[in-house]
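Here's a quick tour of a fold and its ligand site. Have the sequence and the 3D view open as you read.

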Amino acid sequence: MILQDSFQDQIVLVTGGGSGIGFSIAKQFLTNGAKVVITGRNEEKLQKAIEKLQDAGEVTYQICDIREQEQIQQLADYIKEKYGRLDILVNNAGGQFPSLAKDLSFNGWTSVINNNLNGTFYMTQTMANTFFLEQKKGNIVNIIANIFKGFPGMSHTGAARAGVDNLTKSLAIEWARQGIKINAVAPGIIQSTGLERYPKELVEGIAKTVPVNELGSTDDVAHAVLFLASPYAKFITGETLYVDGGQRLWGDVFTL
Ligand SMILES: CCCCCCC/C=C/C(=O)SCCNC(=O)CCNC(=O)[C@H](O)C(C)(C)COP(=O)(O)OP(=O)(O)OC[C@H]1O[C@@H](n2cnc3c(N)ncnc32)[C@H](O)[C@@H]1OP(=O)(O)O
Ligand SMILES: NC(=O)C1=CN([C@@H]2O[C@H](COP(=O)(O)OP(=O)(O)OC[C@H]3O[C@@H](n4cnc5c(N)ncnc54)[C@H](OP(=O)(O)O)[C@@H]3O)[C@@H](O)[C@H]2O)C=CC1
């Protein structure tokens with residue numbers, strides 16, 4: 001794919017761009033000519049990421065917890081002031097912890113729903129109201145997870161990501177006539193910083209259930225995001241693209 005002209009001077013927001021998959025997404029957009037804003041909760045992480053990314057192009061950071069609507073509006077105001085527009089939003093920030101449903105506390109459930117469903121909605125609505133609907137143009141890519149067979153062992157995130165999967169379809173229709181496209185990418189097991197939070201044996205066990213017999217890379221996910229945000233995908237909206245080495249189609253993904 002020849003992408004370098006597709007993103008020249010496009011303004012891209014990557015939430016959770018300070019590490020892992022979000023970092024790779026930011027880097028790929030920069031390499032292809034975009035100007036990128038990355039966000040997260042941890043300033044030190046964001047500063048280190050900027051140091052590594054700045055040779056690739058124009059990149060800045062803003063601290064923003066996606067669960068806090070006030071911080072999201074401040075982020076929108078920053079982008080409006082700096083660039084006057086936003087072209088692409090990548091809702092990558094998120095995460096959870098493994099737990100059987102019977103052991104989840106009220107706060108544990110709520111924090112994961114807030115992080116992955118509510119946070120994604122607040123971010124999407126604010127950027128649409130501040131930029132995309134007025135511009136009559138915008139492109140949104142949501143990062144979810146492999147929820148094809150449910151998500152036993154992480155039912156909170158399964159429910160939240162299924163919510164985002166469905167939100168992607170609803171908004172694709174609501175906003176289609178306003179020139180806004182919205183799609184999702186569902187990563188399988190990706191070798192990234194996020195995976196370090198999970199027990200090694202658990203990850204090794206799950207890795208054996210991937211038909212192509214390897215874990216995905218953060219660039220594998222980034223390539224799918226760039227494709228969906230590019231003119232090559234101009235007739236695709238409301239779709240979820242699985243980047244999972246075929247894992248959703250084969251065998252038991254999670255051992256109870
Ligand atoms: C079945 C295994 C499959 C393995 C495949 C993995 C595929 C997916 C991989 C990824 O997604 S990698 C990305 C990983 N990155 C992240 O998860 C980053 C973001 N995550 C977080 O920030 C936290 O996990 C969070 C809980 C979503 C939010 O953190 P926050 O600081 O707001 O919450 P806390 O105040 O610390 O806790 C709130 C509530 O949740 C309970 N809790 C938190 N962690 C755990 C845990 N490890 N186990 C059990 N419970 C946990 C915590 O105790 C609080 O509840 P209460 O104690 O107040 O009842
Ligand atoms: N790695 C994998 O195998 C898979 C990953 N995913 C999903 O892909 C996305 C990226 O994961 P990955 O790169 O692996 O993991 P990381 O933990 O490295 O990335 C998560 C990023 O999200 C940010 N983040 C989390 N919660 C918030 C919040 N409330 N507000 C703002 N930023 C937040 C974190 O930044 P900070 O700490 O600075 O807040 C961090 O940069 C996540 O949504 C993850 O759940 C889905 C399926 C599989």
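What follows covers the sheet, one of its strands, the helices against it and the ligand shell.

This is a predicted model, where local features need pLDDT of at least 70, side-chain atom pairs count only at pLDDT 80 or more, and totals for chains, interfaces and linings use all residues. Residues are numbered from 1 along each chain as its sequence is written, while chains are lettered from A and ligands numbered from 1 in the order in which they are written.

**The sheet**
- Seven strands make an open sheet in the order 3-2-1-4-5-6-9, with parallel pairing; helices (H or I, at least four residues) and strands (E, at least two) are DSSP runs, numbered from the N terminus, and two strands pair if DSSP finds at least two bridges between them.
- Strand 3 (59–63) and strand 9 (240–243) sit at the edges with a single partner strand each, so one side of each has no neighbour in the sheet.
- From one strand to the next, the twist averages 20° (axes are lines fitted to C-alpha atoms, for helices over the stretch in contact, and angles run from 0 to 180 degrees between N-to-C directions).
- Strand 4 (residues 88–91) and strand 5 (residues 138–143) pair in the parallel sense over four bridges, and Ile88 faces Asn139 in strand 5.

**Helices on the sheet**
- Helix 2 (residues 43–53) packs on the sheet and touches strand 2 (35–40) and strand 3, its direction making about 175° with that of strand 3; contact means C-beta atoms, placed from the backbone, within 7 Å.
- Helix 5 (residues 155–174) also packs on the sheet, touching strand 5, strand 6 (180–187) and strand 9, and its direction makes about 160° with that of strand 6.

**Strand 1**
- In strand 1 (residues 11–15), five of five residues are buried, meaning 20 or more other C-beta atoms, placed from the backbone, lie within 10 Å of a residue's own.
- Ile11, Leu13 and Thr15 are buried on one side, and Val12 and Val14 on the other.
- Strand 1 runs parallel to strand 2, joined by five bridges, and Ile11 has Lys35 as its bridge partner there.
- Three bridges join strand 1 to strand 4, also parallel, with Leu13 opposite Leu89.

**Around ligand 1**
- Among the 22 residues around ligand 1, Gly95, Phe97, Ser105, Gly153 and Gly194 come nearest (near means a C-beta atom, placed from the backbone, within 6 Å).
- Helix 4 gives the largest share of the shell, five residues.

Technical notes:
Contact = placed C-beta atoms within 7 Å. Buried ≥ 20, exposed ≤ 12 C-beta atoms within 10 Å, placed from the backbone.
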